[in-house]
Amino acid sequence: MIKFSIVVPVYNAEKYLKNCLDSILHQTYKYYEVIMVVDGCMDCSEDICKVYADGDSRFHLYRKENGGSGSARNHGLQYVTGEYVCFVDSDDVIQNNLLETVYKKIKMADAQVYIFNYHVSFDKEMSVFCPDMKEEIYTFDTPEKKFQLLMNLLYFEYAFSVWNKVYRADVIQNNDLTFPEDVTVGEDLCFNMKYFLYCSKISVISQKLYFYNVHEDSIMNHREKTIPCLDDSVLFLKDVSEYYKRNAPRYIRRHFSILIYEGMNNQYYKYSHQTVINSIRNMCYKGLHRKYTIYILSHFILFIHYYGIRHATKIMEKNVRYLFER
C-alpha cells in the first residue's frame with residue numbers, strides 16, 4: 001500500500017483547526033500519517049492537536065519556536081515516512097476522498113506531482129470561487145519542454161501554492177528541497193520552481209478536492225491589503241537563482257530571467273502602478289542583497305509593462321545608480 005504523509009503547519013488556528021483535522025481524519029483512504037507542527041502558537045491550537053495525537057496513532061505532534069509556515073513545513077519534512085507528501089493549511093479543509101482519488105491516479109499515471117482542483121471560499125461574502133482545470137497527464141522529456149512547463153505553471157498560477165498538490169517524497173529528499181525561511185510571501189512558489197525541475201510527468205485532476213478558506217484572520221487575506229513586498233521578491237530570486245545555477249539544465253539557466261518576469265508579472269499585476277513604485281523605492285533604499293536587487297532592476301521588463309518606457313527609465317536610472325554608489 002502507498003503511504004501518504006500530510007504536513008500541517010499550525011499557528012494560532014484554534015477557530016479552524018478542528019474542522020481541518022476532522023477532514024483528514026475522515027479520509028476514505030486510511031494509510032497515511034499526519035505531521036502536525038505547532039509553530040510557537042499562543043492560543044489553544046496545541047491542545048487541539050494533542051487530542052488528535054492521543055486518539056489516533058497516525059497523528060503526530062511536533063513543536064518548534066515560531067518561524068513561519070516555510071520553517072514549519074521544513075520541520076515537518078524531517079519526519080516524513082510516506083512515499084508521497086501533501087501540505088494542508090490549518091485553517092483549510094480537504095474532501096474526504098482526496099487521498100483515495102490521488103491514489104487511483106498514482107496507479108494510472110506514476111507522475112512526479114499530482115495537481116488537483118480546489119474551491120476558494122470567502123467567509124465574509126459566503127461566496128465560492130473555483131478555477132477551471134482540465135483532467136490531463138503531461139510529459140516533459142527535454143529541457144525545452146520543461147522550460148515551457150515552468151512558463152505555463154507560472155502563467156496559469158499553478159505554481160503559486162503547495163496545498164493543491166501531492167509530491168513524491170523521494171524527489172524532495174534526494175534533491176534537498178526545502179522552503180525558504182526568510183521569505184514571507186512566495187515560499188510556495190520557491191519550492192515549486194525547484195521541485196518542477198525534476199518532473200518529467202504531471203497529472204492534473206479536475207475534481208475539487210481542497211477548500212482554501214480566506215477569512216479575516218487569514219495571513220494571505222492580510223497580505224493582499226498591504227503593499228507588495230519586493231524585498232521578498234529579492235529573497236525569492238536569491239533562493240531560486242542559486243539553486244538553478246547548481247541544478248537546472250543549461251537551457252533553463254539561459255532563460256531564467258524570462259521565468260522571473262513571468263512570476264513577478266503574475267504576482268504584481270493586481271496592484272496599482274504607484275503602489276508597486278513605492279515598494280520598489282523602499283526596496284532600493286534599504287540596499288538589501290545588492291547583487292540580486294540590481295539583477296531584478298536590470299532585467300525588470302515589468303517596469304516597461306507597467307509604467308511605460310519614459311517613467312521606467314527614470315526609475316531604473318535613479319535606483320540602479322543609488323545601489324552602485326552604496
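# Two buried tyrosines

Both Tyr167 and Tyr195 are buried, a term that stands for under 20% relative accessible area, with exposed meaning over 50% and partly exposed the range in between (1.4 Å probe, protein chains only). The model is predicted, so local features need pLDDT of at least 70 and side-chain atom pairs pLDDT 80 or more, while totals for chains, interfaces and linings use all residues. Residues are numbered from 1 along each chain as its sequence is written, and side-chain values use heavy atoms, without hydrogens and water.

# The chain as a whole

The protein chain has 14 helices and 10 strands, taken as DSSP runs of at least four residues (H or I) and at least two residues (E) respectively, numbered from the N terminus. Of its 326 residues, 53% count as buried. The protein chain exposes about 15,400 Å², and carbon and sulfur atoms account for 52% of that area (Shrake-Rupley method, 1.4 Å probe; for residues, only the protein chains shown count as cover).

Contacts (heavy atoms within 4.5 Å) can also be sorted by separation along the sequence. Among those in the protein chain that link residues at least 6 apart, 82% join residues at least 24 apart.

The structure has 19 aromatic pairs, meaning rings of Phe, Tyr and Trp (its six-membered ring) with centres within 6.5 Å; planes under 30 degrees apart are stacked, over 60 edge-to-face and the rest tilted. One of these pairs is formed by Phe87 and Phe191, whose arrangement is edge-to-face, with 6.1 Å from centre to centre and 80° between the planes. Phe87 belongs to strand E4 (residues 84-87) and Phe191 to helix H7 (residues 187-195), so this pair ties together parts that are 104 residues apart in sequence. Phe87 and Phe191 are both buried.

For Tyr167 and Tyr195, the ring centres are 4.8 Å apart and the planes stand at 80°, so this pair is edge-to-face. Tyr167 lies in strand E9 (residues 165-168) and Tyr195 in helix H7, so the pair links parts that are 28 residues apart in sequence. One aromatic cluster is formed by Phe87, Tyr167, Phe179, Phe191, Tyr195 and Phe196.

Helix H7 is largely enclosed by the rest of the structure, because 9 of its 9 residues are buried.

Lys194 lies over the face of Tyr243, 5.6 Å from the ring centre. Arg73 lies over the face of Phe179, with 5.1 Å to the ring centre.

# Salt bridges

Side chains of opposite charge can pair when their charged atoms come close. The structure holds 14 salt bridges, each a side-chain nitrogen of Lys or Arg within 4 Å of a carboxyl oxygen of Asp or Glu. One of them joins Arg73 to Asp188, with 2.5 Å between the closest N and O atoms. Arg73 lies in helix H3 (residues 69-77) and Asp188 in helix H7, so the pair ties together parts that are 115 residues apart in sequence. Arg73 is buried at a relative accessible area of 2%, and Asp188 is buried at 10%.

Another salt bridge connects Lys104 and Glu100 (3.6 Å, N to O). Lys104 and Glu100 are 4 residues apart in helix H4 (residues 98-109), which means that about one helical turn separates them. Glu100 is partly exposed, at 28% relative accessibility. Asp141 and Lys145 also meet through their side chains in a salt bridge (3.3 Å, N to O). Asp141 is exposed, with a relative accessible area of 57%, whereas Lys145 is partly exposed at 41% relative accessibility. Salt bridges with shared partners join Arg73, Asp89 and Asp188 into one network.

# Strand pairing at E10

Strand E10 (residues 201-214) is joined to strand E5 (residues 93-94) by 2 bridges, and these strands run antiparallel; strands count as paired if DSSP finds at least two bridges between them. Here Val93 has Phe211 in E10 as its bridge partner.

Strand E6 (residues 113-122) pairs with E10 in the parallel sense over 10 bridges, and Phe122 stands opposite Val214 in E10. Strand E8 (residues 136-139) pairs with E10 in the antiparallel sense over 4 bridges, with Glu136 opposite Val204 in E10.

Technical notes
A charge sits over a ring if NZ of Lys or CZ of Arg is within 6 Å of the ring centre and within 35 degrees of the ring normal.
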